[in-house]
Amino acid sequence: MAEASKLYGVAAEFASQEGLLAAVAALRAGRFGVVDAYSPLPVPGMDDALALRGPVLGWITLAAVLVGGFGCFAMISFATVADYRFNIGARPAWSWPLYVIPSFAAAMACGAVVVFVAMLFLDRLPRINHPVFEIDGSEGITQDRFFVAVEARSKDFDPDAAELVLADLTVRPLRIQRVPR
């Protein structure tokens with residue numbers, strides 16, 4: 001167990017999408033813990049294979065835009081109707097069409113700032129180094145290689161069993177290796 005605490009996990013390199021999907025399915029069925037896949041392009045069916053939850057950034061963005069827009073609209077309405085009522089030329093106190101453009105601008109600005117902060121938080125950035133960079137040949141992730149990694153975060157993690165499952169796949173991995181922390 002002392003060796004497992006020094007490991008980030010076990011990684012395998014594949015030359016095809018089919019091998020990657022098969023490895024993810026086998027590792028998830030074996031309940032080894034956290035399984036992640038790295039690919040140079042989107043792999044159809046990978047979201048289901050990894051059991052990823054739906055995108056949350058869209059909902060965060062929608063909430064930020066609505067809060068920013070309606071907040072600005074409410075602030076302008078309060079300022080012109082209740083707080084500083086200024087009647088010139090018998091115009092109505094609440095002239096809402098004038099508030100739409102500043103409210104839209106505030107909604108977009110609020111949405112942009114919240115999306116930027118949410119992306120930093122959701123992607124766990126800024127992070128200068130990641131153990132995945134220690135995988136031999138990991139530069140192939142951006143070119144033509146497919147990698148799967150089983151992280152050693154779970155108490156059920158067994159590097160020997162994970163390597164055995166990866167070695168017994170019908171589509172053989174090009175390389176299996178233990179990744180140091």
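Me: In this predicted model, which side chain does the side chain of Glu13 join in a polar contact of 3.0 Å?
Reply: The place of Glu13 is in strand β1. Among the residues that Glu13 touches, leaving aside those up to four places away in sequence, are Asp136, Phe146 and Phe147. The polar contact of 3.0 Å links the Glu13 side chain to that of Arg145.

Me: Is Glu13 buried or exposed?
Reply: A residue counts as buried under 20% relative accessible area and as exposed over 50%. Glu13 has a relative accessible area of 5%, so this residue of the predicted model is buried.

Me: Which residues touch the most other members of the largest nonpolar core?
Reply: This core holds 22 residues. Elements that give two or more residues to the core are the strands β1 (7-14), β2 (35-38) and β3 (146-151), together with the helices α2 (17-29), α3 (46-50) and α6 (159-167). Phe14 touches, among others, Gly19, Leu20, Ala23 and Leu169, not counting residues up to four places away in sequence. The members that touch the most others are Phe14, Val148 and Leu166.

Me: How many residues are in the other core, which includes Ala11 and Val132?
Reply: The largest nonpolar core has 22 residues. Apart from that core lies another, with Ala11, Val132, Ile135 and Ala149 among its members, and its residues number nine.

Me: At what angle do helix α4 and helix α5 pack?
Reply: Two packed helices are described by the angle between their axes and the distance between the axes. Helix α4 covers residues 57-83 and helix α5 covers residues 100-122, and their axes are 7 Å apart. The crossing of α4 and α5 is right-handed. The packing angle is about 145 degrees.

Me: How many charged residues are in the contact of α4 with α5?
Reply: Helix α4 contributes residues including Leu57, Ile60, Gly68, Gly69 and Phe73, while α5 contributes residues including Pro102, Ala106, Gly111, Val114 and Leu122. The residues of this contact divide into 17 nonpolar and five polar, and the number of charged residues is: no charged.

Me: Is Phe70 buried or exposed?
Reply: Phe70 has its place in helix α4. The C-alpha atoms of Phe70 and Ala93, which are 23 residues apart along the chain, are separated by 19 Å. Because a relative accessibility over 50% counts as exposed, Phe70, at 58%, is exposed.

Me: Where is Ser138 found, and is this residue buried or exposed?
Reply: Ser138 lies in the loop between α5 and β3. Not counting residues up to four places away in sequence, Ser138 touches Val132, Phe133 and Phe147. The relative accessibility of Ser138 is 14%, so the residue counts as buried.

Me: Which residue does a cis peptide bond join to Leu125?
Reply: The omega angle of this cis peptide bond is about 0 degrees.

Me: What is the relative accessible area of Arg124?
Reply: Arg124 has its place in the loop between α5 and β3. Its phi is near 55 degrees, a positive value in a residue other than glycine. Arg124 is exposed, with a relative accessible area of 60%.

Me: What is the phi of Ala51?
Reply: Ala51 is found in the loop between α3 and α4. Although Ala51 is not a glycine, its phi is positive, at about 55 degrees.

Note on methods:
Residues numbered from 1 in each chain as written. Predicted model: local features only at pLDDT ≥ 70, side-chain atom pairs only at ≥ 80, totals over all residues. Heavy atoms only, no water. Axes fitted to C-alpha atoms, helices over the stretch in contact; angles between N-to-C directions. Helix = DSSP H or I, 4+ residues; strand = E, 2+ residues; numbered from the N terminus. Left-handed = near helix turned anticlockwise from the far one by under 90°. Contact = heavy atoms within 4.5 Å. Nonpolar A, V, L, I, M, F, W, Y, C, P; charged D, E, K, R; others polar. Core = buried A, V, L, I, M, F, W, Y, C linked by side-chain atoms within 4.5 Å. Buried < 20%, exposed > 50% of the residue type's maximum accessible area, 1.4 Å probe, protein only. Polar contact = N/O pair within 3.5 Å; in protein donor to acceptor, adjacent residues only side chain to side chain.
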